[in-house]
Amino acid sequence: MKYISTRNNQIEKDDKIALLQGLSDDGGLFVLKDLNNKKIDITELLTKNYNEIALEILKLFFSFDEEKLKKAISSAYNKFYVKSVTPLVSLKQAHILELFHGPTSAFKDVALTLLPQLIQLALEGTDKEILILTATSGDTGKAALEGFKDVQQTEIVVFYPKNGVSKVQELQMRTQEGKNTKVCAIEGNFDDAQTGVKNIFLNEDLQKALGKKKFSSANSINIGRLTPQIVYYFVAYIDLIKNNKIKVGDKVNFVVPTGNFGDILAGYYAKKLGLPVNKLICASNENNVLYDFLKTGEYNRNREFLKTISPSMDILISSNLERLLYDLADGDAEYIKSLMKELNETGKYKVNDEILGKIKTNFIAGYATDEETSTIISKVWNEEKYLLDPHTAVAYKVMLEQKDLEGEIIVLSTASPYKFCASVAKAVLNENDEDEFKLMEKLHSYTQVEIPKNLSNLKEKTILHSDVIKKEEMGQYVLEASK
Ligand SMILES: *Cc1c(COP(=O)(O)O)cnc(C)c1O
C-alpha cells in the first residue's frame, strides 16, 4: 500500500513507513494513493460484528498479515466497557452514536487503543525505536498515554495547554503511569502545542540529536489514527439497518463535533468508500473557523482563540482539513502546497469556487455558543433523560437547526459527560463545586448515569507529572525526555 504527501505527489511511502513517520518530511500529510479505487460492499457487512467490520476496512489501508491485524483489533476493542464498542442510542430527533466507552472515556480511544498495536506491527523485526510526540486539547493525550504505556520500542511525550483542558482531563494525564511516558503542560493554547510538535518533526537537528530514535505522532495527522475512526460510521449504519430504521442504500446524515477535522474526515472517507451519506454536518464551538470556511471558502485563523466549555474543540488550525482539500482538488498537491504556504505566512487562504462547490455538496456547518451548549445539555436531560457532554451538546444544537434534511440523523457523541463535570453539573443541577469528585457524585445521584470506573478511580491516583514549560522550550524538553 502506498501513501503520498498532500504537498508533493512524488513523495511516496509504504504504509508501514507512513504509520511510523506520522507526518511526511515536507510537512504534508500522508494520504492513501489508491483511495479512489477502494470500495466497501455494505451488504457484506450485515452479518459482521464490530471487529470484523474493522478488519474489512483496515485491510484497505494496511498490508499487514490478516491474522495479525485481526488480533490487534480484538485486543484493542477488548479494552472497551461495552461489547458493541460504539452503541447507538435512539432519541426522538436523532440517534446518538456513543463513542466514549473506551478506557479513557473519550472517542479518541477508538483509534488509540489500536494505533500502538499497528505501530508495533510496523516495528516488528526491526530494531527501530519510536518517540511519539503528541499535542492534545485534552482527550488525545490521555488516550495515547494509555495506549502506548509500556509498549516496547516506544516512548511517548504529551504536551497539553496549561489552563486549556478540564480538571478531570488534566488529572487523567498527570497521574499517568508507565516507564515510557512523559506529560508536560505548556504556557500556550492547543494550536501552540500542535505547531510546536509539527516544528519538532521538521527540525533535522533535533532528529539527528535523537540518534536512532525516530519521531512519530499519535495525533490525527497519523493515518493510523484516522483509519480506525472510519469503522464506526459503517457500524452505525449497519445498526440502523438491523433496527429497521433504514434499508440498505438509504442515505443518512452524521453530525460531528469538530476540532482538528479528524473525526469528520473519517466520515468523508467512509462516504468515499461507499457508505450512503447525504450530508456531513460539521459542528463547532465559538472557535468557529471551520464554520466560516465551509460557508465561504476562506479559512482565516487570524482571530481570538476562545476558551469554551468544549475545550477539546478549542482549535483554530484544523490539520486534517488539508487531506479533505487534497481530495477535493483531485490530488493537485502543488495547489495544496500553495494554500498551506499562504496559511503559514498570512494565517489564511481561500479555495477556488470549484472546491467550494464540492464542499457544499458534502458538508453543512453550524456552531454553538457556550450558553446554547449549556441550554441543550439541560433541555435534553429534562426532556429525554439523556446526559450529553458539552462537545456532543454542540453537535446536538447544530442537529436541531437542520431543516428538510433527507434521511436519518446520527449525532456522534465524543466524550463521557463526567469528563466535563463542572460544565455538565452547572447545566443540569445549577451546582458549582471546586471539587470535581463531589460534582461527579452529585451528578450521579441525580441522574443515575453511571460514572466510568477510570474516572471515579482517579481520586486515588498519585500525581506523577508536574512539568510546565514555555512553548519555545518544547524541542529541548523532548531531547531531555528521551535521554
Ligand atoms: C478531539 C475531540 C473532538 C474533536 O475531534 P477532531 O477529530 O479533532 O475533529 C470532539 N470532541 C471531543 C470530546 C474530543 O476529544
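Me: How many cavities of 30 Å³ or more does the structure hold?
Reply: This is a predicted model: local features need pLDDT of at least 70, side-chain atom pairs count only at pLDDT 80 or more, and totals for chains, interfaces and linings use all residues. Residues are numbered from 1 along each chain as its sequence is written, and side-chain values use heavy atoms, with hydrogens and water left out. A cavity is a set of points on a 1 Å grid over the protein atoms alone, where a 1.4 Å probe fits but cannot get out. With 30 Å³ or more as the limit, the count of cavities is four.

Me: How much space lies in the largest cavity?
Reply: The ligand takes the space of this cavity (more than half of its atoms lie within 2 Å of the grid points). Volume is the space filled by probe spheres set on the points, which are joined across faces, edges and corners. For the largest cavity that comes to about 260 Å³.

Me: How many residues surround the ligand?
Reply: A residue counts if one of its heavy atoms lies within 4 Å. The closest are Lys108, Asp139, Gly259, Asn260 and Thr414. By class, the shell has five nonpolar, seven polar and three charged residues (Asp, Glu, Lys and Arg are charged; Gly is among the polar). The residues around the ligand number 15.

Me: How much of the ligand's exposed area does the protein bury?
Reply: Phe261 has a backbone N or O atom 3.1 Å from an oxygen atom of the ligand. Taken alone, the ligand exposes 380 Å² (Shrake-Rupley method, 1.4 Å probe). Of that, the protein buries 98%.

Me: Which strand gives two or more residues to the lining of the second largest cavity?
Reply: This cavity has a volume of about 60 Å³. Its lining divides into eight nonpolar residues, one polar and one charged. Among them are Phe30, Val31, Leu32 and Arg323. Besides H10, the element that gives two or more residues is a strand (E, at least two residues), namely S3 (30-32).

Technical notes. Polar contact = N/O pair within 3.5 Å; in protein donor to acceptor, adjacent residues only side chain to side chain. 1 Å grid on protein atoms, 1.4 Å probe; cavity = no way out; pocket = protein on both sides within 12 Å on 5 of 7 lines; lining within 4 Å. Helix = DSSP H or I, 4+ residues; strand = E, 2+ residues; numbered from the N terminus.
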